[in-house]
Amino acid sequence: MFQALANPQRFMDFSRWAAPILGIIAVILVAMGLWLTFTVPEDYQQGDTVRIMFIHVPAAYMAMFCYACLGGASFMGLVFRHSLADAAGRACAPLGAGFTFLALVTGSLWGRPMWGTWWVWDARMTSVLVLLLLYIGYMALQAAIDDEVKAARAASILALVGLINLPIIKFSVDWWNTLHQPASVFRAGGPTMPPDYLWPLALMAIGYMALFGSLWMVRVRSEVWRKRANGLALQAAG
Amino acid sequence: MNGFWVMLRREMAMAWGRGGGPLLALTFFVATATLLPLAVGASPARLAAVAPGSAWLALALASLLSLERLFERDYEDGTLDLLALGPVPLEAVAFAKGLAQWLTNGAPLALAAPVVAVALGADLRLVPLIFISALIGGLGLAFTGGIGAALSLGSKRGGVLIAVLVLPLFAPPVIFGAGAIEAFAGGLDWHPALGLLSAYGLAAAALGPFAMAAACRNALS
């Protein structure tokens, strides 16, 4: 599938239909998920605030999934020197940063009523914050180099360095956290999740995924168009 | 191998010779530490609690300083082009640069770290561990930082960009370095933290040059 889609023209033909279809699927799934989010019975411990979970948890999951996609695109871009892979990496980063930001903000809003504070330096939150910084670094590097091909390649190297470092950062932050505050109190969430909660969570997760896929394709398409427009402008000028 | 030693000697000479060498980083280190009591208050109890950690924070910031010139200088005057064509692989050149950065920048900072920490009120028993952890941690900071320096070649805003790229990657060494000191101060076993810190430094020294060389080739292409 990758090989077939590596041809820009074939990708454009495919994504022309796939992007809107995925977008519609995303809207339906997220709408159903949101409806369930507001209708499920409230948690016996957390009350209404449990509804934040259905926005928050899938976003946190997407934050990591997007980085994996970014790493994959960067690897392809470096190894096969394919312009579409470069465009895919470039298009992926702001989406991933957006999901990461959403996860942090909703987590903070959830933390206020639950833990009584907007932010704690808990292992997970800290490593997600570092993840956001990695995304921002990727975008900053991409923006700081004028030559597009060089910018894409430098950013790809950074993405791979980050990919190797992410597990180390995660481990070190976990380790740091256990050193500071063993037996986190925040884990008193309750028993395993009832199906009432599992359904909206799954719908939202798949919906986010479809949304990401759709937006990703739209962004790659606009990259391809931008490059074509640049080419035409050069032709007209020269 | 001979070429590598020549490179290392050259890098050391450049790092010592230009612009005051490590003195600038040392001054920055001390200046950052000076601001700490001004910011959090001079009460000895409060300062002593944060002294080792602050020393590590200042260390991480100070090690950023000379990174900007690590590759930029050679890139601007064309030396890097020649090095890329020369018989010594670019990976070895990058390794020599990282090593020189560690020896001329990390090592002096490691010597200053215990002094700064004690001045801030850290216990005297901590001095050897602060020195050792700063020295070992400096290896990781130098090579991770070198990746950022090589990646930002040819960009318009070197210094700030390097800091943005590199500071998130500094999280593990800071955690392990400050963690070892804190564990020792708290009477806990500090060996695992120091071991992990060494592992991070060695892994950075082993893998970093490949990323640096790839980034240099990309900037030169």
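This tour moves through a predicted model in a series of selections, from a whole chain to single residues and the contacts between chains.

**Chain A as a whole**

Begin by selecting chain A and colouring it by secondary structure. Chain A holds 7 helices and 0 strands, and its pattern along the sequence reads α-α-α-α-α-α-α. Turned along its principal axes, the C-alpha trace of chain A spans about 70 × 40 × 30 Å. Of the 238 residues in chain A, 46% are buried. Among contacts in chain A with a separation of 6 or more, 80% join residues 24 or more positions apart.

**A loop residue: R81(A)**

Next, select R81(A), in the loop between helix 3 (52–80) and helix 4 (83–115) of chain A. The residue is not a glycine, yet R81(A) has a positive phi of about 50 degrees. Is R81(A) buried or exposed? With a relative accessible area of 56%, R81(A) is exposed, because the cut-off for that class is over 50%.

**A buried threonine: T100(A)**

Continue into helix 4 of chain A and select T100(A). The relative accessible area of T100(A) is 0%, so this residue is buried. Which residues does T100(A) contact, leaving aside neighbours within four places in sequence? They are A63(A), V128(A), L131(A), L132(A) and Y135(A). Displaying these side chains together with T100(A) shows the surroundings of the threonine.

**Salt bridges within chain A**

Over all chains, the count comes to 11 salt bridges. For one of them, select R226(A) and E148(A), whose closest N and O atoms are 3.1 Å apart.

Now move along helix 6 of chain A to D174(A) and K170(A). Their side chains meet in a salt bridge, at 3.5 Å from N to O. These two residues are 4 apart in the helix, which means that about one helical turn separates them. D174(A) is partly exposed at 32% relative accessible area, as is K170(A) at 33%.

**A buried pair in chain B**

Switch to chain B and select E11(B) and K97(B), which form a salt bridge with closest N and O atoms 3.0 Å apart. E11(B) belongs to helix 1 (residues 2–17) of chain B and K97(B) to helix 6 of chain B, so this pair links parts that are 86 residues apart in sequence. Both E11(B) and K97(B) are buried.

Return to chain A for a set of linked charges. R90(A), E148(A), E223(A) and R226(A) are joined into one network by salt bridges that share partners.

**Where the chains meet**

Show both chains and select the residues in contact: 26 of chain A and 27 of chain B. Together the two chains bury about 2,300 Å², with 77% of it on carbon and sulfur atoms. On the side of chain A, K150(A), I157(A) and W175(A) lose the most area to chain B, together 23% of what that side buries.

Helix 6 of chain A supplies the largest share, 16 residues. By class, the side of chain A that touches chain B has 19 nonpolar, 4 polar and 3 charged residues.

Within helix 6 of chain A, select N165(A). N165(A) counts as buried because its relative accessibility is 8%. Beyond residues up to four places away in sequence, N165(A) touches L169(B) and Y200(B).

**The nonpolar core**

Finish with the largest nonpolar core, which has 133 residues. Which residues have the most contacts inside this core? They are F212(A), W216(A), V220(A), F29(B), F71(B) and L151(B). The largest share of the core, 14 residues, comes from helix 6 (residues 90–119) of chain B.

Leaving aside neighbours within four places in sequence, L151(B) is in contact with L141(A), I145(A), A154(A), I157(A) and L158(A) of chain A, and with L165(B) and A215(B) of chain B.

How values were computed
Residues numbered from 1 in each chain as written. Chains lettered and ligands numbered in written order. Heavy atoms only, no water. Contact = heavy atoms within 4.5 Å. Buried area = accessible area lost by both parts, 1.4 Å probe. Nonpolar A, V, L, I, M, F, W, Y, C, P; charged D, E, K, R; others polar. Core = buried A, V, L, I, M, F, W, Y, C linked by side-chain atoms within 4.5 Å. Buried < 20%, exposed > 50% of the residue type's maximum accessible area, 1.4 Å probe, protein only. Salt bridge = Lys/Arg side-chain N within 4 Å of Asp/Glu carboxyl O.
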